[in-house]
Amino acid sequence: MNVVVCVKLTPDANDIEVRPDGSISLARAEWIIGGFDLQAIEAGVQLVEAQGGKVTALSAGPLPISNSKLKKDILSRGPDELVMVVDDALQDADTYTTAQVLAQAIRELGQVDLVLCGEGSADLYFQQVGLQVGEMFGLPTLNFISKIDVEGDHLVVERNLEEEIEVLEVPLPAVLSVTTDITQARLPKMTEILKASKKPVTERAVADLGLPEEVRPRVEKISTRAPHRWQRKQVMIPGSPDEAVQLLAGYLNKEGIL
Amino acid sequence: MDFRLTEEQELLIQSLEELLQREVPDSLMAELDEAKEFPYKPWQALADFGILGLGVPEEFGGTPADIQTMTLVCETLGRHAFPLGIIYALGMITIRDIVQFASDEIKQRVLGGLVSGDPPVALGITEPQAGSDAAALKTSAAFQGDDVVFNGQKMYCTLAGMTRYIMLMTRDQQIEDPYQGISMWLLPTDTPGVRCNKMAKVGWWTIPSYEVYIENACVPKSNLIGQMNNGWPQLMANFEIERLALCAASLGAAEGAYDDAAAYANQRQQFGRSIGSYQAVQHLITDMAVKIENMKNYVYKIAWMMDNDLPVRHEHAMCKLYVAQASFEVIDAAMQVLGGLGYTMEHRVQRLWRDIRLMRIGGGTDEIMYNIAGPQLLKKARK
C-alpha cells in the first residue's frame, strides 16, 4: 500500500510574539510539525508496517520549511521519504492553493493508494485541505476518521461525529482526514533520528509541478491581530448566594456591563 | 565557538522530554519517593525508548552516542525526574567498565539486560574503613580451583540489594602498593553468602543504598573484569565520566527547581502584587539563573573535552566541586522563593533539596575534588 501523508509545517504557537500594537511577529518562531498531523503520520506508518508498501510524507510551504531539522523530525517518525514543495509563493497560501499544490505533487508520485491528512492545520485549522485534495482527484473523501482497518481491497473506517460513530467501507484509492485520537504519535528514538538523515528528500518549487493554472491565493490577508488582553479583576465575592448576586450585579454595573 | 546542539541532539531531547511528560509525571515520582520504591516503571519506559542503550555497542542492542549526548540525556532526566538522572549516571560508569574491560561472555550476559531495563550494576567500592580513601578497601578474593571466593563488607553500595550484579572491587593484601593490588569482579547478587541491608538516608529514597555483607561468596574465576590487580586504573578510567554525568543530572535538578521557583514568583500574590515584582525575589531568581548558566557551560565544556579526547583530570574535579555546590544553592534558593510551600512534603522542591545534598558527598566529596584539582593546578603553574 502506497500512502501519502500531507504534513503542514507551521511556526510554533508558543514562540509567537505579540507587539504592543496587537500585531504578531513570527520572526523568532521555530517551525514545527503541525500537532494534528503527527497522528496522521503515525496512522500512515502503522498501516504500511502492517500491510507493506511505502509512506511518503508531503509538505508544501514557504522557504522556512526547507529546514534540515524539520526534515529529520518528519522522517524519524517513520515515513520512507519526504517530498517538499518549497516556495515563498506559498506564504499565507489559502486552502485551495495548498490543495492544488499538494494534489499536483501527489499526481506526480505515481500510484498512490491512500492520502492521509490531519484533521486541520495547527495554525489556521480550516479543516479544508484534505477535502479539497480528495475533490480534485474525484476520490472517496472523508474527514473525522478515528479508525482505519484494511479489509481485502478496501478500508473499513470509523468516522467520529458529534453524537455517533459512522462505520463505512471505503474503496481505494481514497483521501482521509484523521482525528488526533486515531492513535498516539510515536516518539522518535535515537536510532530512528540517526536513520532519518539517510532517507531521500525531494524538494521542488511550485513552477516545477507543471500546474495548469498559476498559483494565486484567492484570499487576501489584510492583517493579523492578537485579541486585546484585559487585566483580570481578581475579585472574590464572599457571602450567601443572595448577597453574592447583589455584589456581583454591583460590580458588573460599575464596569458598565449591565 | 559554537554552542548549538546538533539537530539529532535537539530531536532526541525533544522526544525524551515528551516521553517524560507522558510516562513520568511528577505525581508518580512523588508517590515512589514516599513509598521509597525504585522507579521500575519509568526505568522501563526509558529502556523501551532506547535511552538505556545509548553508548552501548550495537551488537549488544545499543546505539552509538557521544558523551555530550549522554550528558544532555542526564540533564533532561534530572530536570524532569532527578532520581532517573542519578540512576542513569550511576549506570554509566559500570556499563563503560564492562564495555571496555569485561570478557565477551560477561558483556553478552550483562549488557543486553541493562539495555532492556535491568537496574544498573551496583558499584562496590566503599567499605567501612575505605570511603574517600577508596584504595584502603579490604574485601578479599581467594582462588579455589576454577572459582574465586570473596569475603568482606561494602558500604553505601547503591542499588546492590535490588539489582542483578555488583561490580565488586577486591584487594590483594600481599601486594604492598594498594593501587596495584585491586581487582574488579562481577558478583551476581543472588550468590549464596551475599546479604544486603538497606540503609536509611535523608534523600535518594527511590535509589536505595545498602551495606553488603559478603561471606564466602563463590563465583567462577571468569567473572574477573579486565586484568587481575588492574582494577584501580580500570575504575579510574571511567570515574571522570560518572562525575560528569552526576553533574549533568544535578544541573537538570537545579533547572527544575528554577522552573518551579520562577513560575511561583510570577503567580504568587502578596501585598497586592506578584512576589516576583519585588527586587528581593528578582535577585534570588537572577542568581539562580546565573549559576545554572555557569553550571551548563562547565558541564558542556567538559563533555566536549572528553568527546575530543582531551584530558580533564583537574577540570572534571573543579566542575564536580562547582556543580555540587551551585546546584544545592539554586535548589535552596528555590525553596526560599517558594516559602512555606517549598518546605512541605507536597512540593517537589523538598525532594530535590534532600536529594541534591548528597552530590557534595557521593561520587567524591567536595574535599576530595579540592585534593584532585589543587595539586594539578599548582603543578601546571610551575611549568
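In which helix of chain A is the place of A:Leu247? In this predicted model, A:Leu247 belongs to helix α6 of chain A, which covers residues 241-254. Its relative accessibility is 40%, and A:Leu247 therefore counts as partly exposed, since that class lies between the buried limit of 20% and the exposed limit of 50%. On the surface, A:Leu247 takes part in a nonpolar patch together with A:Val235, A:Ile237, A:Leu248 and A:Tyr251. The accessible area of these residues together is about 390 Å².

Helix α2 of chain A, formed by residues 68-75, is mostly covered. Of its eight residues, seven are buried. These are A:Lys69, A:Leu70, A:Lys71, A:Lys72, A:Asp73, A:Ile74 and A:Leu75. The N-terminal end of α2(A) is capped by A:Asn67. There, a side-chain oxygen of A:Asn67 lies 2.8 Å from the backbone nitrogen of A:Lys69, a residue that is itself buried.

A strand of chain A may be considered next. A:Thr56 is located in β6, the strand made up of residues 54-61. Is A:Thr56 buried or exposed? A:Thr56 counts as buried because its relative accessibility is 5%, and the class of buried residues comprises values under 20%. Leaving aside residues up to four places away in sequence, A:Thr56 touches A:Val3, A:Val4, A:Val5, A:Glu81, A:Val83 and A:Leu109. With A:Glu81, there is also a polar contact between the two side chains, at 3.0 Å.

Technical notes:
Residues numbered from 1 in each chain as written. Chains lettered and ligands numbered in written order. Predicted model: local features only at pLDDT ≥ 70, side-chain atom pairs only at ≥ 80, totals over all residues. Heavy atoms only, no water. Buried < 20%, exposed > 50% of the residue type's maximum accessible area, 1.4 Å probe, protein only. Helix = DSSP H or I, 4+ residues; strand = E, 2+ residues; numbered from the N terminus. Polar contact = N/O pair within 3.5 Å; in protein donor to acceptor, adjacent residues only side chain to side chain. Patch = residues over 30% accessible without salt bridge, like charges linked within 9 Å, V, L, I, M, F, W, Y side chains within 5 Å. Areas by Shrake-Rupley, 256 points an atom, 1.4 Å probe, with all protein chains shown as cover. Salt bridge = Lys/Arg side-chain N within 4 Å of Asp/Glu carboxyl O. Contact = heavy atoms within 4.5 Å.
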